[in-house]
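Take a look at the structure below.

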Amino acid sequence: MERISAWVLRRKRLVTLLALLAFLVGMGATPIAIQRLSEEYAHPGMPAFEANQEIVRIYGNGGHQRPFVPVVVLPRGRRADTSREAIGRAFAAVAAKLPQARVVSYADTGDPGLVGADARTTFGLVFPGTHSDGSPPGGGLGETPDESPAIVEAMIPHLPAGTRVHVTGLDTLAPSVDAGGVDVPAKIGVGVLAAVIVLSLVFRSALALVPILISVLSVFVSFIVILPLTLMMTVHDVALTTMPLLGLGIAVDYSLLLVARWREEQAGGVRGDEAVHRAMAAAGRAVLFSGAAVATGLVTMVVLPVPFLRSLGIAGMIICAVSVAATLTVLPVLLALTGRRLDRRGATGARFAREAAAGRAWSAWARGVVRLRRVAILGAGGLLLALAATGLGVNLGLPESRHLPATAPGHEGLAALTLAGIPTGVITPIDALVTGDPSGVVDRVRQVEGVAAVLAPEASAWRRDGSAVISVLPEAESGAVDGEATVTRVRAAVPESVLVGGNAAQSMDFRAHTYGAFPWMLAMIALVTFVMLARAFRSLLLPVKAIALNLLSLGAVIGAMVLLWQFGWGTREILGIQPTGSIGEFVPLTIFAFLYGLSMDYEVFILARMREEYDRTGETRHAVVEGVGRTGRLVTSAALILFVSFAALAMTPELDVKVFASGLALGVLLDATLIRGVLLPAAVAMMGRWNWWLPAWAARLLRVPASPLKDETPAL
């Protein structure tokens, strides 16, 4: 670190010019890179995804797309079988209104499964394909443009007087997205404002703007790296959200640590470049090891067979590496050139006196945790273990209609189906693509347990280029366990040449492929993190403890999500939305990608300071108290900034984003309080001198000095 700080401080003007140039180039590269980002959530190699892609290629609709389900309730005295011609005209009008749609009704098939027990309630399916706004089939739940008004308007003139038409389906039942979608820049702006406020309270001077400046620089420079990547590979637009949010968190974290250490050296009477050198020597190493561990952990996301998750890992690795580089090169120059002037208001004698010592409140808290370490571990650990155990029951499938808002526009149609004795599973059909005559496959699938009806009209919208698409209507919704079992039985019943797709089948394949690889990903991350932290802390046990606490924290977050979104504990009251009964299939993975790195930052900062104090005094109790006292305020401030950012993002109307962002906010909150404020100091105090043990054989492998066991005064 001394060599790096010496090099940049000898070349202050050059570093400043290069940083300014990089910032300007980054500003120019950002809009170009954003335009080249992909919005496609491709899942290559997954059978259902390939089936859905082929269905959409041939028919322009269906596949992963969830249909609209028009429900026709004829007036009393009228029956569906005697009104078949009128029903046919009504659905034909829908096909004319939506020319890209694939439509089926009782008039086309005569299938009794499309008629309720009252004989006057019937329904059909409308796969609208390319929507009126030009958007393609598919999309997240609630994102599909609502064609219900157009469907009702087209049908009513052709049906008997007094007929009621309702349109239901998962998308009509789910909360919809505003016309403007998710305003990511506005949400990031809220995070930046929160950062300015929190940092102003921490530094009480213009020095608060320095971490923000480093964060902004890191984000724009990262897009310089992203741009050439978009020319060589597909980069998903998840990077557009990932990099600013991670940049706001990681770059501010690293800057906070270095600036705070520089202030501490100033408080000790050290001035000029020497203060920067000492700050870099003490805090720069922690920044470097933290960044390396975080970036290496994130890049292992590329082992997952999902392009958008790979993009998440790549984007996280880039912003982390750039943040470290900016912190270790540009920030020392800023502190050397302008630090004293920017910190003039905060640099009073009294202020310096406070900077010279650990925070009294955090030191007192740490002493209490050390004294009651067994109680702290049992209490906080027990609570987090209970949450993690709850997380084992997470439902990653599609939401069921019974969990979606009863006030949604599609609820009346669902109620009409239920009242007529029609199973709600019909709103989640399974699409299958058959080569040649589909009659044999239809007969075979009709015999499958859990299938309510099989629809295979002979119309051109259902048969093209020597193929036929059939829609299998299950009795149980695809989001239910019985519904997924029906999908599995249908797949087993059809010949290998038949491609079985649909929303549920693709979701099942995604979970099988992605979470099947997840243990390997965890093993890779744990191994790399262990090696990095073992070198950083010269310890075998501290890295194990850090990894264990991180995984416990993540498990607890998933458990909290289960309580919030599956069980609905406070969801309506806190977020103004009814719980969905499930969590998006991608949510645990993306939460892991974000929180693992952020929480590891906090872990490294605290443990690095503890190690420094132990090396100085040889006493674990003092190391714990001093380490928490010195870093508690920084960790809390950084966590508060991110909590506000993610909480703001959770206020978006889009359901998937709301679930994801609320998980991140909960994760930051749990990690900064129970994990870093209670379990970490309690566990270090409990392990005593074993924390710092690194035998000679391990030290040789890691290429660092050994750290033998030493006798010390037991922590009280």
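## Terms and model

Buried means under 20% relative accessible area, exposed means over 50%, and partly exposed lies in between (1.4 Å probe, protein chains only). This is a predicted model: local features need pLDDT of at least 70, side-chain atom pairs count only at pLDDT 80 or more, and totals for chains, interfaces and linings use all residues. Residues are numbered from 1 along each chain as its sequence is written, and side-chain values use heavy atoms, without hydrogens and water.

## Aromatic pairs

The whole structure holds 6 aromatic pairs. Rings of Phe, Tyr and Trp (its six-membered ring) pair if their centres lie within 6.5 Å; planes under 30 degrees apart are stacked, over 60 edge-to-face, the rest tilted. One of the pairs joins phenylalanine 23 and phenylalanine 220, edge-to-face, at 5.4 Å centre to centre and 90° between the planes. Phenylalanine 23 is partly exposed, at 24% relative accessibility. Phenylalanine 220 is also partly exposed, at 23%.

## Nonpolar cores

A nonpolar core is a set of buried Ala, Val, Leu, Ile, Met, Phe, Trp, Tyr and Cys residues joined through side-chain atoms within 4.5 Å. The largest has 157 residues; Ile226, Leu309, Met610 and Phe646 have the most contacts inside it. A second, separate core has 50 residues, including Leu98 and Phe123.

## Positive phi

Most residues other than glycine have a negative phi. Aspartate 465 has a positive phi, near 50°. Aspartate 465 is exposed, at 73% relative accessibility. Arginine 703 also has a positive phi, of about 60°. Arginine 703 is exposed, at 73% relative accessibility.
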